[in-house]
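Hi,

Here is the structure I promised to pass on. Have a look at it first, and then read on for what turned up.

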Amino acid sequence: MAIDSSKFFDKIRVKPTKAEAAREAAREQVIMCDAPGCANRGAHRAPKGRGLEKDYWHFCLNHVREYNQGYNFFEGMNADAVARYQKDALTGHRPTWKMGQNGAKSRTKNPEDLAGAADPFEVINEFNGRSRWRRGPDPSAEQTKSEPRKVFNAERKALQVMGLDGDATLDIVKAKYKALVKQHHPDANGGDRSTEDRLIEIIKAYNYLKTVVRA
């Protein structure tokens with residue numbers, strides 16, 4: 001049986017909450033337009049300005065349009081104050097700190113202090129898969145070994161043109177380039193242009209290598 005056809009439906013009432021009752025009373029209350037001399041109903045809210053974000057004017061449709069066209073939230077603020085306000089707005093005007101400041105400080109200054117720490121779940125004992133926790137290797141005690149750089153085909157061909165291998169640094173490439181230019185430039189060979197094509201290959205290879213080879 002449909003609810004609206006039940007004989008008991010017209011007797012069912014739901015008591016509104018206090019908030020709903022307050023909103024209903026507010027809607028029923030007639031608020032007049034705050035514009036001087038206007039006798040229309042003020043059904044549209046407009047903010048009163050900076051620092052009064054929770055206070056509103058009540059205008060009719062025509063006056064709220066007129067008010068919004070001339071409203072300027074930053075009125076009375078100079079350019080620096082506006083920029084500062086916009087920057088603070090990115091974090092909701094909440095204070096911020098640099099990374100690592102005002103954070104939780106370590107309770108153990110020395111990692112070896114963990115040896116005496118309470119460890120009911122044996123987390124520290126299983127640290128790094130070891131049966132007992134111990135200090136890891138000191139990075140400053142060992143020389144940092146750089147991983148070999150992967151050389152792609154285009155770079156390999158350019159290195160071959162200049163007679164270099166994959167370990168060549170940018171300084172080596174520059175020195176080799178200067179030597180090859182002096183060797184194959186027509187001015188260094190009495191105007192002989194027989195090696196001009198070779199020189200063009202060297203220039204192209206150098207222009208590519210200086211963008212990919214590490215310094």
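Leaving aside its neighbours within four places in sequence, which residues is His 184 in contact with? They are Asn 189, Thr 195, Arg 198, Leu 199 and Ile 202, where contact means heavy atoms within 4.5 Å.

Before going further, a word on the source: this is a predicted model, in which local features need pLDDT of at least 70 and side-chain atom pairs count only at pLDDT 80 or more, while totals for chains, interfaces and linings use all residues. Residues are numbered from 1 along each chain as its sequence is written, and side-chain values use heavy atoms, with hydrogens and water left out.

Back to His 184, then. This residue sits in helix 5 (helices are DSSP runs of H or I with at least four residues, numbered from the N terminus). Because its relative accessibility is 11%, His 184 counts as buried (buried is under 20% relative accessible area, exposed over 50%, partly exposed in between, with a 1.4 Å probe and protein chains only).

Helix 5 itself has 15 residues and reaches 21 Å from its first C-alpha to its last, close to the 21 Å expected (1.5 Å times one less than its number of residues). Along with His 184, the buried residues there are Leu 170, Val 173, Tyr 177 and Leu 180. They cover an arc of only 85° around the axis, so they lie on the same side of helix 5; the arc is taken from the directions from the helix axis to the C-beta atoms. On the other side, Asp 171, Lys 178 and Lys 182 are exposed. The buried residues of helix 5 pack against helix 4 and helix 6.

Now the cores. The largest nonpolar core has 15 residues, and Leu 159, Met 162, Leu 164, Val 173 and Leu 209 have the most contacts inside it (such a core is a set of buried Ala, Val, Leu, Ile, Met, Phe, Trp, Tyr and Cys residues joined through side-chain atoms within 4.5 Å). Helix 4 (153-162), helix 5 (170-184) and helix 6 (196-212) each give two or more residues to this core. There is also a second, separate core of seven residues, including Cys 33, Cys 38, Phe 59 and Val 64.

Last, the charges. The count comes to one salt bridge (a side-chain nitrogen of Lys or Arg within 4 Å of a carboxyl oxygen of Asp or Glu). Glu 196 forms a salt bridge with Arg 193, with the closest N and O atoms 3.2 Å apart.

Cheers
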